[in-house]
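Subject: Structure for your review

Dear colleague,

Please find below the structure that I am handing over to you. My notes on what was found in it follow directly after.

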Amino acid sequence: MTTSRRRFTQGAIAAGAIAGAPAIGRAQTTPPVSRTIRGVMHGDLRVFDPVWTTANITSYHAHMVYDTLFGVDSKYQPQPQMVGKHGLSDDRKTYTFELRDGLKFSDGTAVTARDCVASIRRWAARDGAAQHMFARVADTPVKDDKTFQIVLKEPYGLVLDNMAKTGTNVLFVMREKEAQTDPNQQVQTIIGSGPFIFNQGAMVQGQRYVYDKNPNYNPRSEPASYSAGGKVVKVDRVVYENIADEATAIAAIKAGEIDFIEYPNVDLLDQLEGDSAITQEVLNKQGNMGWARLNFLYPPFNNVKARQAMLYTVHPSDVMKATFGNPKFFRGCGSLFGCGTPMENDANTEWFKGGQNFAKARQLLKESGYDGRPVVVLQATNVAYMNNAATLIAQWMKEAGFNVSLQASDWGGVVTRRAVKTPPDQGGWNVFFTSASVNAFGNPIGLVGHAATGEKGWFGWPSDEKHEVLRDKWAAAATDDERKAIAREMQENAWNFVPHIYYGQWFQPSALRNLKGMIGMPELVPFWNVEKTA
Amino acid sequence: MIAYIVRRLLSTAIVLAIVGLFVFMLLHLAPGDPAAIIAGDNATEAQIAQIRKLLGLEDALAVQFGRWGWRILQGDLGISIFSNTPVATLILQRMEPTISLAVMTMLVAVSLAIVAGVFSAARAGSAFDRLVMGFAVLGFSAPVFVVGYVLVYIFSINLRWLPVQGYKPIADGLWEWLRHLILPSIALGLAYVALIARITRASMLDVLAEDYMRTARAKGVSQPVMLMKHALKNAAVPIVTIIGIGVALLISGVVITETVFNIPGIGRLTVDAISKRDYPIIQGVILVFAGVYVAINLLVDLAYTLLDPRIRY
């Protein structure tokens, strides 16, 4: 059999058409690029249940899919979101909430008060701030389909703040069916009443997570403000692309393959200069804070003088310079509550204003009775700012007179070892480095690391009775002014007993390509209100 | 031959069992706690402990190994700790990009390298030969990520001909699939072109020096026939060996290329699983890799009998 040139050409065209057919079929269901935002977020989305984990990226995911009863506005005030009306009884012990009209889950079913109460109870089983609140909650009765209450045993000032909080864990409203899942088990079905629907069929685990506009979502009429206000979705689809290599992400945004990078590597930002389609914007205006935890259980940091010595040993700006280079991206901060938060103050910060002082540090260390035993400093080599902080601070600790044993592993190794309570020479540790959103530092109840409850608390296990009394007082305060006054007291006390050390506050810009309307806020990158300009 | 294959398959089971035990022990004795990673940085010790209990990580190592081994015997690679997805599903999802990349890379590498190697041998010492061997040294020396970034800079950012990153399944269209593989295949393939070209040249030079080649030349056999029909077939055993090793290495070792070009392949899956301490994925992937190595080695050994009738098992 012979094949003519014409037959061959016909065959080739037919083969091409067959090969291209699936793409044509899919094109009808895939939104156009002009209606799709593709973003590279700060990490891979590993867990989908926002109650099960405190990972920030899971909270981002949940804000897309679920809605919240309250949101927080740009003045950090809680504002009703799914709630329409709410009130507080005269004795300040009963909160009544009524849902607004027309709320539906993405499966079309109506949101009811029972869904809300089940969600509140599941959240309260895991979240530190909620647990603090629920120690004072007597009941959460459902009054009717749209109304429920939180009945307190005693007045508590943070009910609405806790219900509105961003960060982790956030009070997201799930269907009652999912919300009744054991809080220690992951929810398997992801159905919310938020502005987007999670498109699990289009997901490639570890690579791509797809969110489609929720046609059942009914936004509030107020303008968007942080996580409060109208969550108006202006695109058809948002895709979280997980690009592990930072240089590849930069190349991809330059080539127009992605539209957003949450935290581009600061060393590579120069490459984005000169491209008129790409802007750089600091969305999280409070930034993040690096902190070193000191182990209160063992020498030398079971002695307050040794902990105070660390205040004079660390120079935050120099740590920041090593990682972020350009001073516009960082600052030193001496406030226990972070700088830029409503609770920021300068009580008892002479140590910070005076700067690094090795003579003072050596004197304090001597007064602590330090015997020269090795001080185990954990170094996470795969996280640049932690790695740099460990290297520099270990060097300074040597200059201050500590006998430092710097022990390297990846971050996964550090998170395992930091939970070990045995002495440092038997697998334990003395110092590890991590970070948190500065917004979180502004709330001494919300951030679990602010607790000084000893071995019941977070890694490092600081212990101080006065601190705990003040935390409770702060939570019970009725007004912001009262809280600010208590915050000063807390800080005055904290920098005497030194629960931890800060090594700098940084502000990483995001890269945006032809996007407008991004809501810059701490601890969340919302994709409602955002539109593509090209 | 059949007895040989059966023997090899039996030995494969033993190899896989040893690999399984070794990997299990190595992973569980190394530092790292998936529960702590799952829980997030703001989690309390109590929350982490609850997750550990739920995942069965508090059981004795022997119990955990027994549970895993029993599942493997039933053909179940387990469930990802993080995503609750069966490991077999994740591996299958990630195999398509990796196999696509490996096949494309080897197609590019083999076709270029064998031609280059054969003609280099035929013109040993010529300018062409020196050029090809110089290129081979360059191919070996240039790291994949450097070549990758250079290619991206030229063809994706400047010329905008090809995508920077990502992978499209073949079901999305042949052209989309192909254009996403061109740059990674070239970046990855350069080293293999160099390797296979050098082996081909060396093997061909040995064969060309044989008496029967001199006889063929004396009998007036044309140069192309002599090279491609007589010499190449006899020089093929080491070439097939290196191609087999190359394919196995490609399937298990394309981590850097998959990272630079953001391809959701098996390499990325493994690295992500290691950073998260997702033990079932790591164990499953390594078992699959071991199986692939053994299978490719078997195929290469069987191919010898086709290429050289003197080889019998």
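Between chain B and chain A, 23 residue pairs are in polar contact, counting pairs in which both residues have a pLDDT of 80 or more. Please bear in mind that this is a predicted model, with an ipTM of 0.81 and a pTM of 0.86.

Sorted by class, the side of chain B that touches chain A has 23 nonpolar, 15 polar and ten charged residues.

As to the extent of the interface, 48 residues of chain B are in contact with 56 residues of chain A. The two chains bury about 4,100 Å² between them, and 47% of that area is on carbon and sulfur atoms. Asp41(B), Asn42(B) and Glu45(B) supply 16% of the area that chain B buries against chain A, more than any other three residues.

Four salt bridges are found across the interface of chain B and chain A. Asp44(A) forms a salt bridge with Lys276(B), with the closest N and O atoms 3.9 Å apart.

The buried residues are Ala306(A), Arg307(A), Gln308(A), Ala309(A), Met310(A), Leu311(A), Tyr312(A) and Thr313(A). What do the buried residues of helix 8 of chain A pack against? Their partners in chain A are strand 14 (288-294), helix 10 (350-353), helix 11 (358-367), helix 12 (384-400), helix 16 (480-497) and strand 19 (500-506). The N-terminal end of helix 8 of chain A is capped by Asn303(A), a side-chain oxygen of which lies 2.7 Å from the backbone nitrogen of Lys305(A).

Finally, a word on confidence in chain B. The average pLDDT of chain B is 88, and 100% of the residues score at least 70. Within chain B, confidence is lowest in helix 10 (residues 223-234), at a mean of 81, and highest in helix 7, at 94.

With kind regards

Notes:
Residues numbered from 1 in each chain as written. Chains lettered and ligands numbered in written order. Heavy atoms only, no water. Buried < 20%, exposed > 50% of the residue type's maximum accessible area, 1.4 Å probe, protein only. Helix = DSSP H or I, 4+ residues; strand = E, 2+ residues; numbered from the N terminus. Contact = heavy atoms within 4.5 Å. Polar contact = N/O pair within 3.5 Å; in protein donor to acceptor, adjacent residues only side chain to side chain. Buried area = accessible area lost by both parts, 1.4 Å probe. Salt bridge = Lys/Arg side-chain N within 4 Å of Asp/Glu carboxyl O. Nonpolar A, V, L, I, M, F, W, Y, C, P; charged D, E, K, R; others polar. pLDDT = per-residue confidence, 0-100.
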